Amino acid sequence: MNLIETRPIGETYFNHFAVDFSDTNIRLNGKQYPAGKVTHEIFCLSPEWVKTLFYKGDALYELCLRWSGEGYSVELFSEIQNSLFDILDYVKDVPPFCHFDTDGEYAALNRFFCKGALQSYEDAFRKCGTVFYDQLPRENRLRAHMTAFSWIAFSYIYLAGDTLNFLSVANVYFVNLTENDKRTKHELAELAREMFGDPEITKKIEQSNHAEAFNNFTLHPTVEYAPVIMTTESGSVLGKRIMFNRMLNFYITDMFAGLAAGHYSRQCGICHRFFFMQTAHKQLYCSTVNPEYGVPCAYVAKNKLNMPKQKKKDGFGYAIWKKRYDSLRNEKHKTNKNLPSAKYDVDVCDKAIELAKRHYEEAQIDFDYAQNQYEQDMILRNLINEAKEALGKK
Ligand SMILES: [Zn+2]
């Protein structure tokens, strides 16, 4: 008898995975993240990347439609195989997907597509006199195998479609949140009721769905959960281990768990990217370096009144950086041309250029560093020595 979930990690497959939720954190594949962080990571994906993922899922969906229309064939399944691995390769290093057990996911696909497998499935179908797995006898092993595989294939289709749909819906919520400056837990909840409880808005969401094939943007509240104990910095807490069979259900659960904990994504008023808030602190701008200005957005905003056009070249120590960058490029050129005056290897020059850029960026954020250390670090000889050390060269 099991009254509580005791395995530290539950199932981790895309088509069947367990995520633990406490009041403020989630635990996925053994690691803890603040609730709402996965939602935020989806915001950090580029729209182009998400669209490409969507089209990959759509291509797989077309193949699966052919599978149900034409039945099994080695040719069709090699295409399905390529399509599945293509999607997995595409997402495996990218948050939030990299938090899953992607090695286990590869292993699951490799088990189905192991060497000679496609031909052996073909032979097994031929023996039964059909190419449709749902026409195989109920107790048939191939039927069970193909059914389990269809769940895998559909979890990839869902992953692709759900990510795009979720991104567009959550976007409506968090843009609205930013515009109306909602921050407290009560405000977050009220805004959720206003938006997702409004039939007009849900109708709009339905219409903006990218594909009906994905059964629309609807939470299927068929999730199962078990009590689980999670260890946090302040000790053990009781949580829920929730079983999911579709990404969308997880995304929505994470988003609302985050809102309940007072975590939210907010759009930066300067660069319009989203940043993640976990405190009551009233941050308006993100703290990442703004590519246009070369300084963090918060700094851009602070200085906007008196220097509205602070461009990269107006940053602290720009002249030093530019001069050093040009001289390193020149050194590299001499080495490339085998000139007698060449002194440094190309990889040393490249590393030194990289380090110079890093020092310049640091000088924009850290004013102590800018005043006391920056100039010293940017001396050619020091950069070359630092580069050599980083590369393990003498
Ligand atoms: Zn920003």
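User: How many C-beta neighbours does Asn249 have inside 10 Å, and is it buried or exposed?
Analyst: Asn249 has 20 C-beta neighbours inside 10 Å, so it counts as buried. Keep in mind that this is a predicted model.

User: Ok. Which helix is Asn249 in?
Analyst: Asn249 sits in helix α9, which covers residues 247–260.

User: And how far is Asn249 from Asn180, C-alpha to C-alpha?
Analyst: Those two C-alpha atoms are separated by 27 Å, and the residues are 69 apart along the chain.

User: Switching to helix packing. What angle do α2 and α6 make?
Analyst: About 145°, with the axes 8 Å apart. Here α2 is residues 47–70 and α6 is residues 141–179.

User: Which hand is that crossing of α2 and α6, left or right?
Analyst: The α2 and α6 crossing is left-handed.

User: Which residues meet there, on the α2 side and on the α6 side?
Analyst: From α2 you get Val50, Lys51, Leu53, Phe54, Lys56, Gly57, Leu60, Tyr61 and Cys64. They meet Ala153, Tyr156, Ile157, Leu159, Ala160, Gly161, Thr163, Leu164 and Leu167 of α6.

User: How does the contact of α2 with α6 split into nonpolar, polar and charged?
Analyst: It has 13 nonpolar residues, 3 polar and 2 charged.

User: Is Asp181 buried or exposed, and why?
Analyst: Asp181 is exposed, because it has 10 other C-beta atoms within 10 Å, and 12 or fewer counts as exposed.

User: Now His272. What's its phi?
Analyst: Near 70° for His272, again positive in a residue other than glycine. His272 is in the loop between β7 (264–267) and β8 (274–277). With 11 other C-beta atoms within 10 Å, His272 is exposed.

User: And Thr288, where is that?
Analyst: Thr288 is in the loop between β8 and α10, where α10 is 297–304. It has 13 C-beta neighbours inside 10 Å, so it counts as partly exposed. Its C-alpha is separated by 9.7 Å from that of Cys271, a residue 17 positions away along the chain.

User: Let's do α11. What span should its 19 residues give, and what do the end C-alpha atoms show?
Analyst: At 1.5 Å a residue, helix α11 (residues 318–336) should span 27 Å, and its end C-alpha atoms are 27 Å apart, so the two agree.

User: Which residues of α11 are buried?
Analyst: Trp321, Arg324, Leu328, Glu331 and Lys332 are the buried ones in α11. They cover an arc of only 95° around the axis, so they lie on the same side of α11.

User: What's exposed on the other side of α11?
Analyst: Over there, Ala319, Asp326, Arg329 and Asn330 are exposed.

User: How about α5, what's its reach?
Analyst: Helix α5 (residues 117–128) has 12 residues and reaches 17 Å from first C-alpha to last, close to the 16 Å expected at 1.5 Å a residue. Gly129 follows α5 with a positive phi, near 75°.

User: What kind of peptide bond joins Pro95 and Pro96?
Analyst: It's a cis one, with omega about 5°. Pro96 belongs to the loop between α3 (74–91) and α4 (102–112).

User: Last one, Ala390. Where is it?
Analyst: Ala390 lies in helix α15, residues 380–391. It is partly exposed, since it has 13 other C-beta atoms within 10 Å. The C-alpha atoms of Ala390 and Asp350 are separated by 12 Å, and those residues are 40 apart along the chain.

Definitions and conventions: Residues are numbered from 1 along each chain as its sequence is written. This is a predicted model: local features need pLDDT of at least 70, side-chain atom pairs count only at pLDDT 80 or more; totals for chains, interfaces and linings use all residues. Helices (H or I, at least four residues) and strands (E, at least two) are DSSP runs, numbered from the N terminus. The expected span of a helix is 1.5 Å times one less than its number of residues. The arc is that of the directions from the helix axis to the C-beta atoms. Axes are lines fitted to C-alpha atoms, for helices over the stretch in contact, and angles run from 0 to 180 degrees between N-to-C directions. A crossing is left-handed if the near helix is turned anticlockwise from the far one by less than a right angle, and right-handed if clockwise. Two residues are in contact if their C-beta atoms, placed from the backbone, lie within 7 Å. Ala, Val, Leu, Ile, Met, Phe, Trp, Tyr, Cys and Pro count as nonpolar, Asp, Glu, Lys and Arg as charged, and the others, Gly among them, as polar.
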